[in-house]
Every structure is written in structure tokens, then in C-alpha cells.
Amino acid sequence: MTDGRILAQALRDPVTIARLEPAGWTALLAIARAEQLIGTLAHRLEGLPMPGAAARILADARASAAQGRTAALWEAEMARRALAPLGMPVILLKGTAYAAAGLAAGTGRSIGDLDILVPRARFDDAEAALLAAGWEWVKPDPYDDRYYRRWMHELPPLIHRERDRMIDVHHTILPLTARITPDADALIADSVALANGLRVLSPEDMLCHAAAHLMADGDLAGGMRNLWDVHCLIEEFGVAGLEKRAAHHGLGSAVARAARHAHDLYGTAIPESWCMWDSRDPLYRRRILARDGWGRPTRKLTRLGFYIRSHAIRMPPAMLARHLFIKWRREA
Amino acid sequence: MRHLTHLRIGPIGFRVGSDWRGPIAALENLYRDYPAPEDGIPDFNVHLFAARPWRRLLRPSVHIGGDFVIPDAAPLPLAQGLLAAEMGMNLQMALGQRRFLLLHASAVERDGQALLMTGMSGAGKSTLAALLMARGWRLMGDEFALLDPATGLIHGFPRLISLKNEAIAVLERALPKARFGPVLKGTPKGTIRHLVPDARAIAAMAEPAVPKLILFPNYGFAAAERAVPPSETFVRLTQASTNYVALAERGFDALTRLVQTIPARALDYPDTATALTQVERLWEAA
């Protein structure tokens, strides 16, 4: 049965595409698009012999990713200019960080919103500076607004009124309601400056963040792309010091699980002792790979399970009940 | 998906899958002379699906999905499944096309050169393109013209010609022997009937053409013509392009080159016979 394995295989071992029939190519491209990995795939397969139609589609994807990268870096520059007068450290996260730092994880990667991390003590200043520079609220709902400010690790999303691009301003990397509390001060203290004055997380913290985002927050949507980030970061920086740093943030098991799954999908080099699967890993794998040959989501029950889990790990039960009740009443 | 078909329109390959046989049968019938996607690998996928399993049979309504989707797109009744498939293919082009700059224009070719006609819905770009096809021009497309940033050439996208309301009878009279799709009543755009492009349009659909003239037809006014400056043409074409922003510099370069190399004319017309005379004259003068 076709699922995300066909994409994992092509990324892991590009020469295996020589065996693909037209139907295999069709499924591979549809799933890569759905997982937002087509730009990454296009770079991985560049230069290999393949049918002309596939080569053209992948060339388009490379051009698209290049333009996405230009736009993302420009957006980071806009945020830098807005926040520079405040003199606070501004740390790029995720896709924009990989692109700005020139990391392998950024090659061909699709980049959505701009994610930045600033010190919590300067949160209000950062918000005021962004509002003054043309960013506006996306969700003007008072409950959502209060919820974000009290419990989330980020401001409610802001969108720029002229460029139509979103920015997520974080003060840490997991919601305040989650059981795990990473050390935000350490993330900032150990961040690394880029030439333009913006900063990125240290390599170990980038990995901790990628793993936290995938395994300790959310419902594993976009898992294949997230694990590709993890794969590239480990290949580029190794795992020395990672275990200790992850333990410091309380993310030991999230990082270990992410590393195991990256190893499983993409053949990431990790220490032997990390490879031992636990009883839940097969379910994670099933969820991460849940796509059909049209790129559509499959395995509804597994997805639903992880969706419920994403809420359960995000907040305690009584709070979750209240939150869902308010959301439901508003939608009804 | 349960039912599926493959087809190629101009340089673009599609795979269309459906929960129902109907829309696929309609496509296979009307597109029967079209080739398959190059190398058997489509550029885009379209999904026509029931939101809930029982909605396959019970008050069936067709949701439009694919590689690229817009949230909250309204579903269509199964009787309009062909229209849903066409909308699904257009949507992939509008949202996902990155090789060509998409011009919201009809295009016809003569002597290797292309005439582009663009304008608001109802301006008559489909109708005029179909009527020019009836007079021996090669139809390149009634909805999208594809501008190649690498060469400056126009590639055709000769999908089924979508005729709306009064235009249906006009073309039934002009092309009594042509193949038409079913009459689709009560669609979001009124009554629609699809016209299959002629054999020449299909046979030559992969051949690009050099752009020669841009027209902005406008139906319902006394016959009049005026030159449109490159600046205005540029702005009107960006507004009519769904991927101009996504193509960024490539799109800007391609479009500035187009509007600076070929003339553009606004053309008001009271009826199609007058319009066709105007078009032929402007083409000769260009």
C-alpha cells in the first residue's frame, strides 16, 4: 500500500528513483507536495536521470523554494529593522533560521510564517514595536487573545498589512500549560549571532526545538518535514552534548523519539543505544506516514488519536474541558 | 480514488480522481482526442470527493480538492460534476502553476503569432476566441494563456471552452457540427455549456506562439477602439494573473517585456459580428 514511505525512500536514497514507474512518480510528487517537502525532494534529486516531466516539475519546485527563501529572509530583515531600536536579542526559529544560517535543513525547504523568539521580559516592547511597524492582529477575539497571552508561548499571530505575511513572536518553545518547561533563558543565552545582528539557536537547541515541536506539541501533522529537519541537523552537527542539553530542557524523551524516527525514515546516524523502539513508536510511525497515493490524509482513527493527544499534553484535563467548551459554544 | 482519468491540456498534465463515475465519464468523452500527460506523470492532481461516505449516494455533492485547495470552496451537485472537474483543474493552475506566468486571457493563433484577449467575466473573451476559431484561427485557450518567462512565448491551454448564457446559442449557430457538452443549468455562473476545441486546436496544442497583440474587449458599447499604454496593460494583466506575485522577479521581467514589445488596444463592441471585423482590422494593423 502506498504511503509516506515512498517519499522517505526517495529522500533517504535518491538513486532508488530509477526504479519508479509513472504511477510511482505520480504518488511521490503528490505526497511530497502534501508534506511540503517537494522543494527539498527537488534538491535531493537534482542531476539524477529521470523522466522529463518529473524533471520539469522538480525544477519548478526549486524555483518556487528559492523565491520562498528570498521572501522569508526579507521578512526576517523587516522584523530586524522594526525591533533593532529596542536592542533586544531577536532569535530566528525553524525554517527562516535554517535558511538564514545556511544550514542543509534549509535547502529547498518551504517556509511559512516568520517565527522569532524574544526574552519574555521584553515581550510588550516587541509587540508595540511590531504594531507600530505595520503588523496587525489576525484574530481579534477576546477569549483567544486572553488565552494566548495567559497560556501560550507566543503572541496571538500578527500579519503585516502590506506584505500579508504572518509573524509568530515566541518567548519560549512550548505552551506554558504543557508539563514540560524548557529553559527559555538558556535558549537565549546560548544563541548564536548572525552577520546581520539577528540570532539563531545553538545547534543542540535547534534540535531540541524541532523535537519539542514535533513530539511534545501538536498532532504530528507535518511530521515528515520536521523529521527531515532533525535528520539534517544531526547529520550537520552530530549528537555530542545533545542528550545533556535535551535533559536540561526536560526534552530527553522527545529528542530521543525524534532521533529514532529520523533514523527509521531517513537513516540518520545516531548512537546504537538510541535506536531501541518503545511500544508506542509503531503508532507514531503509522501517523507520520499517513498519506495515500493522491497525497490525501489517511488512517483517520490514528490521526484522531494524535489530535486528542495534542490537546491532552498541552493542558491539564479540567482546563482542556473548559477550553473546548468555550470553543464549541462559540462555533455552535 | 475509485474512478480516475489522465489528460494533457497544452503543456500541462492532469490526473483527475472521483468518487463517482459520472464526472470521469464526461471528461473521457469530451477530452477523448487529448493526449495523456507526458511520460505518464501529471503536473497536477484533482480530487472530486464526497465529504461523508453516505453523501456519495444521498444528495450527492461534489467537493473539489487537489494538490492545491482553497478552504471553504462550495461543493457542486453531482449533475454539475463536469464543471467541478474543470474548476478543479483551473484551481490547480491558478494556485500551483510556477513554470509559466498565468495570464487570465483567451488566446488564438495565426501564422505562428498569438492574439491575447483579456477582460472581466462577461467581456466576451471566451466567445470571441471561439468565434475566431470558427473563422479559421487556431484556438490556444479561452481562459488562461501561459507566458514562458524563459522565452517570452505564449503556450496554449486549450481546455474545453466554457460558454455561458447567451454565448451558448451564438456558438451553437456558428459551429453546428462541433461537439458540445451537456447543458448545465443553475451553476454559480448561470447556464454553462462546454464546447470542444476543434481538431486543429488539439493537434497543435503543444506549439507555442509569438505574442503579437493584446486586446481588452468590452461587450455592450458602441464600437470604439483606443490604444492602451504599456503601464496600464501591465497593471491590468497583473490584476488578471493569479501567480504574478508568486513568480516574483521572473514574472515581473516576463510581463514588462511583453507589454513593452507588443501593442494593446481596448475594444468596445455592440455585437460579435462588429467585434470580429474590428479584431481582424486591428490584427492586420498591428
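**Exercise 1. Is A:Ser110 buried or exposed?**

Before we start, note that this is a predicted model, where local features need pLDDT of at least 70, side-chain atom pairs count only at pLDDT 80 or more, and totals for chains, interfaces and linings use all residues. Residues are numbered from 1 along each chain as its sequence is written, with chains lettered from A and ligands numbered from 1 in the order in which they are written.

Step 1: recall the cut-offs. A residue is buried with 20 or more other C-beta atoms within 10 Å of its own, exposed with 12 or fewer, and partly exposed in between; C-beta atoms are placed from the backbone.

Step 2: apply them. A:Ser110 is buried because 20 other C-beta atoms lie within 10 Å.

**Exercise 2. Find which residues A:Ser110 is in contact with, leaving aside neighbours within four places in sequence.**

Step 1: contact means that two C-beta atoms, placed from the backbone, lie within 7 Å.

Step 2: the partners of A:Ser110 are A:Gln36, A:Gly39, A:Ala65 and A:Gly68.

Step 3: A:Trp228 is 118 residues from A:Ser110 in sequence and 12 Å from A:Ser110 in space.

**Exercise 3. Describe where chain B meets chain A.**

Step 1: count the residues. Chain B brings 17 residues into contact with 18 residues of chain A.

Step 2: sort the side of chain B by class. Five residues are nonpolar, five polar and seven charged. Here Ala, Val, Leu, Ile, Met, Phe, Trp, Tyr, Cys and Pro count as nonpolar, Asp, Glu, Lys and Arg as charged, and the others, Gly among them, as polar.
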